[in-house]
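Please view the sequence and the model together before reading on.

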Amino acid sequence: MTGSADAVASVAPLAALAPLAPLSTEEFIAGIEAAAARFDAATYPQRELPAEDWAVLTEAGVLLPVLPAEYGGRDSHVEMCRVVEVLAERNLALAVYTAVVTGLALRPVVLWAGEEARREVLPLFAGPLAPTAGFASTEPGCGSAMSGLTTTFEEVEGGYRIRGRKHWQALSATASWWLVVARRDGDDGREYGWFVVERGDGFHTSHRYEALGLKVIDYGVNDIDAFVPAHRRIEVGAGNLSSMVDIYLSGRALIGALACGFLRRVAREARAYADARRIGRSPLSAIGFVRYRLEAVDSAHTVCAALNHHVRTRLDLTSDLAPAFASIQAVKIVATELMVSSANHYQQLTGGEGYRSGSPTNIAAQAFLDSRVFTIFDGTNDLLSQQLAQHCLDRAGRADGSGSLDSSGSPDGWDGSDGRGLSAFLADWAPTAPAVSAHGLDLRFLDGELGQEHLVLAGRVIAYTFAAARVLEWAAEPAPTPTAGPARRPRSSRPTSSASAWSSTSWRASGPVTGPTSEPGPAGLSRASHQRVVPIPKTWESWAMPKKRQRPATLAEITAALPPVEYWYGEGIPSPAGRTEFTDDDGRLWRKVRGPLHRNLARRLVTQADELIVGEGAGGHFRHVPPADRLTAWHEIKDRLHADEAPSYHPYEFASMDGLLTLLYIEESC
Ligand SMILES: Cc1cc2nc3c(=O)[nH]c(=O)nc-3n(C[C@H](O)[C@H](O)[C@H](O)COP(=O)(O)OP(=O)(O)OC[C@H]3O[C@@H](n4cnc5c(N)ncnc54)[C@H](O)[C@@H]3O)c2cc1C
């Protein structure tokens with residue numbers, strides 16, 4: 001994939017983005033975060049992204065990770081994932097926008113185009129004013145079953161003529177470059193071909209669609225009657241659909257990262273909303289079923305963080321993804337279902353305000369509309385589930401035991417089948433085996449004859465079992481040393497666990513699965529402890545089916561099992577110090593400004609802040625300290641400030657939501 005020296009010398013000037021080249025991954029991602037801040041979903045208009053705003057992102061380098069170094073890129077799988085994760089936390093639609101250009105449109109050019117096409121196209125995307133590119137597969141008559149494709153290509157002098165109609169393409173009317181799939185029926189049977197098409201070659205948007213969500217992206221009907229020069233045909237697979245599967249996998253893999261960023265935001269905002277909203281005299285979050293919904297969202301975030309970790313550390317978007325077919329299908333199925341269900345929980349929690357476009361208190365309406373399509377596009381989940389089940393069935397009935405979980409080609413643990421049922425296969429297969437044994441899953445119901453509808457359901461079972469195994473695996477992994485790795489690595493190397501893969505992990509203290517770690521946890525957890533805490537909220541357990549069929553719990557038992565109302569700020573709930581916002585017991589919502597504070601700053605705030613609260617028992621009980629008692633309280637605490645052993649106190653500065661009041665919040669760790 002490396003271009004010749006001549007080729008490199010002749011590419012367009014890249015000077016404007018050159019300063020980004022030497023940045024470490026952490027520095028580079030910090031720049032993306034800074035650029036993304038102005039596109040926050042709470043304030044950014046729901047309209048097509050103007051070119052000047054796209055330029056803000058391209059100038060920050062959102063396209064560089066997919067591009068090879070010789071074309072001014074950063075050539076980084078990890079950064080491709082992290083860019084969309086960061087964007088998704090700010091604005092889900094913008095993350096999709098970027099993932100379409102990088103993962104769907106440019107990656108195939110980087111991987112499979114000839115040198116002439118790469119030299120013609122890639123430098124355009126390495127500059128600060130990069131165009132956009134789209135991926136044209138779906139047609140009005142064919143979305144799920146690609147064998148129904150009607151767009152054709154024929155060989156003409158100097159190249160190919162492509163004719164047909166596509167629809168629903170992201171960036172339909174605005175992308176300058178396209179990756180188009182077409183078919184040719186010949187004497188030797190049907191052949192599929194992929195082509196890099198410039199809009200001016202004959203790509204015409206004849207009709208615009210109005211989508212329900214993801215409004216920064218435009219969609220429509222695209223009529224193609226194009227001449228494409230011969231060098232812009234790219235060689236993906238052997239011309240049949242199954243050998244081209246790789247080209248569809250990158251977008252699905254990136255959804256793991258995207259879901260993680262999105263759900264981090266949804267989990268944080270749903271909790272903040274439920275803490276701030278009063279129902280009678282109590283906060284919304286004091287209601288048992290509201291806590292159930294919040295736990296479900298937290299659980300979804302945990303699972304997607306584990307899937308994201310898997311994608312970052314076990315896959316490699318800069319090389320062949322086909323061996324990871326099963327795991328990528330599972331990532332897409334689970335991550336997107338959790339996005340949709342979490343957005344639904346969030347919207348429900350926000351009541352009428354969640355049905356309001358542009359509500360000042362939440363982004364639930366937008367989150368719901370933007371996430372809904374994820375189970376539909378990029379391969380509808382129902383079809384992907386069927387394919388996943390079929391893949392496992394094929395392997396369960398296969399005698400050679402070939403195949404692997406990851407793109408490194410390492411063996412996946414299934415050492416050959418004697419034709420046993422699906423349940424036996426899943427119990428042995430590395431992607432699912434840890435979850436089957438850890439949860440004692442009895443999957444024998446999958447061993448009967450499976451009709452089409454059962455295949456879809458079986459695929460979902462497999463996908464969720466896969467996800468459960470990834471959470472266990474993530475928890476068991478030792479944490480990497482927290483140093484930023486180099487931005488680039490050899491294309492051939494498989495990405496390994498890196499500090500960057502952990503930097504955005506969220507932390508909770510409830511129901512932890514622990515593993516050795518050097519990462520700091522939230523305030524309230526001992527920093528001296530070398531344990532990674534992977535949060536497993538209670539709802540996660542409902543995914544596991546126990547071996548013995550258990551009597552369903554009665555409503556009374558379920559109710560009795562719910563934590564008491566005092567649980568609101570009790571053990572298992574993140575302390576205020578670990579949150580960006582919290583509501584005190586007077587119902588006032590505070591937003592974190594900074595912390596933990598240096599002793600001198602904390603001392604100053606003891607007298608200057610409008611309020612002083614000591615969060616005793618890791619924030620389980622709020623002691624409001626009146627002005628007259630503040631110095632006494634300070635003298636009791638100051639020697640235990642940032643102490644290594646309990647009790648230890650950590651001071652934070654919070655501000656009221658209107659910014660008028662300052663709170664010194666000192667949390668006691670015990
Ligand atoms: C916002 C958005 C962006 C998109 N972006 C792009 C893009 O950039 N490029 C592009 O080429 N396309 C794009 N698409 C198209 C998208 O990939 C297709 O809509 C999707 O693949 C489904 O195809 P379809 O719409 O033709 O649905 P159909 O194929 O008609 O399927 C409809 C439904 O039938 C059911 N179904 C189908 N097959 C099965 C099965 N085997 N088992 C069970 N149920 C099944 C499912 O419930 C499915 O949702 C986009 C679509 C949307 C809405």
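The model is predicted, so local features are given only at pLDDT of at least 70 and side-chain atom pairs only at pLDDT 80 or more, while totals for chains, interfaces and linings use all residues. Residues are numbered from 1 along each chain as its sequence is written, and side-chain values use heavy atoms, with hydrogens and water left out.

**Nonpolar cores**

A nonpolar core is a set of buried Ala, Val, Leu, Ile, Met, Phe, Trp, Tyr and Cys residues joined through side-chain atoms within 4.5 Å; buried means under 20% relative accessible area (1.4 Å probe, protein chains only). The largest such core holds 156 residues, and F125, I162, W194, I217, L258, F262 and L426 have the most contacts inside it. Helix 7 is its greatest contributor, with 18 residues; helices are DSSP runs of H or I with at least four residues, strands are E runs of at least two, and both are numbered from the N terminus. A second, separate core has 16 residues, including L597, V625, L641 and L664.

Contact means heavy atoms within 4.5 Å. Beyond four places in sequence, the contacts of I162 include T151, F195 and D225.

On a 1 Å grid over the protein atoms alone, a cavity is a set of points where a 1.4 Å probe fits but cannot get out, and a pocket is an open set with protein on both sides within 12 Å along at least five of seven lines; lining residues have an atom within 4 Å of a point. Grid points are joined across faces, edges and corners, and a volume is the space filled by probe spheres set on the points. The structure has five cavities of 30 Å³ or more.

| Space | Volume | Lining residues |
|---|---|---|
| Second largest pocket | About 1,300 Å³ | 45 residues |
| Largest cavity | About 90 Å³ | 13 residues |

T138, I376, F377, D378 and G379 are the residues closest to the centre of the second largest pocket. Helix 7 gives the most to that pocket's lining, with seven residues. In the largest cavity, A41, N91, L92, F262 and I363 lie nearest the centre, and helix 4 (77-90), helix 7 and helix 10 each supply at least two lining residues.

**Serine 656**

S656 lies in strand 17 (residues 648-656). S656 is buried, with a relative accessible area of 6%. Leaving out residues up to four places away in sequence, S656 touches L589, W590 and L661.

Terms used:
Buried < 20%, exposed > 50% of the residue type's maximum accessible area, 1.4 Å probe, protein only.
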